Amino acid sequence: MIALIVLGPERLPTVARTLGALIGRMQRFVSGVKADMHAQAAATGLTGLQEDLRNAAEDLRSQVQGQVDEVNEALRAQEGELKALAAETAQPVADAHAEVGAALNEAVHDVSAVPVAPAADVDPQALIDAAHRDDDAPGAPPRDENQLDLFEPAAPAAATPSPEPSPRP
């Protein structure tokens, strides 16, 4: 009513339209601001979710790295124990090697001290006869008749005719 009295009936419809247009613009502006705020809130939520995922991935990576470090440490400890064991076993092997080498050197020295007759002076038949005499000695082990004697001449094989193969039917 005040507007009708102040503005009059001719201007009132124009002012009402202008006022309606301004109120519509203001409502659209407010709804746009609300939409922007909702979009920002959604983006912030996604960013928060993305940050949560990053944190979870980092936690998983650190746990896996911790376990890998534990395994590596266990392997290093086992490696140290194996090296210590190898060092412990290397000494007896080296001692045995030295003893065998000394025994071989002594045996070679003993063998080289034995006089050897030249090959031209050795009669092979005399060696064979000496071997047979040693077998018959009272301190020698009993002879096994089933064992092949390489020093005895082979018995002549009986000359028996071999049977001819029979023809096949």
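Tutor: By relative accessible area (1.4 Å probe, protein chains only), a residue is buried under 20%, exposed over 50% and partly exposed in between. The structure above is a predicted model, in which local features need pLDDT of at least 70 and side-chain atom pairs count only at pLDDT 80 or more, while totals for chains, interfaces and linings use all residues. Residues are numbered from 1 along each chain as its sequence is written, and side-chain values use heavy atoms, with hydrogens and water left out.

Student: Is Arg61 buried, partly exposed or exposed?

Tutor: Arg61 lies in helix α2, as does Glu58, 3 residues away. The relative accessibility of Arg61 is 47%, and therefore this residue counts as partly exposed.

Student: How far apart are the closest N and O atoms of Glu58 and Arg61?

Tutor: A salt bridge needs a side-chain nitrogen of Lys or Arg within 4 Å of a carboxyl oxygen of Asp or Glu. The two residues are separated by about one turn of helix α2, and Glu58 is partly exposed at 40% relative accessibility. They form a salt bridge in which the closest N and O atoms are apart by 2.8 Å.

Student: How many salt bridges does the structure hold?

Tutor: Among them is the Arg54 to Glu51 pair at 3.8 Å, N to O, with both residues in helix α2. Another joins Arg76 and Glu73 at 3.5 Å, also 3 residues apart in helix α2. The structure's total of salt bridges is 4.

Student: Which element of the protein chain has the lowest mean pLDDT?

Tutor: Helices (H or I, at least four residues) and strands (E, at least two) are DSSP runs, numbered from the N terminus; the chain has 3 helices and 0 strands. By pLDDT, the predictor's confidence in each residue from 0 to 100, the chain averages 77. Helix α2 has the highest mean, 86, and the lowest, 67, belongs to residues 124-135, helix α3.

Student: What is the area of the nonpolar surface patch made by Met26, Phe29, Val30, Val33 and Met37?

Tutor: Patches join residues with over 30% relative accessible area and no salt bridge: like charges within 9 Å, nonpolar side chains (Val, Leu, Ile, Met, Phe, Trp, Tyr) within 5 Å. Phe29, in helix α2 (residues 12-113), is exposed with a relative accessible area of 59%. The patch covers about 520 Å².

Student: What share of the 169 residues is buried?

Tutor: The chain's accessible surface comes to about 15,400 Å², 63% of it from carbon and sulfur atoms. Of the 169 residues, the buried share is 2%.

Note on methods: Areas by Shrake-Rupley, 256 points an atom, 1.4 Å probe, with all protein chains shown as cover.
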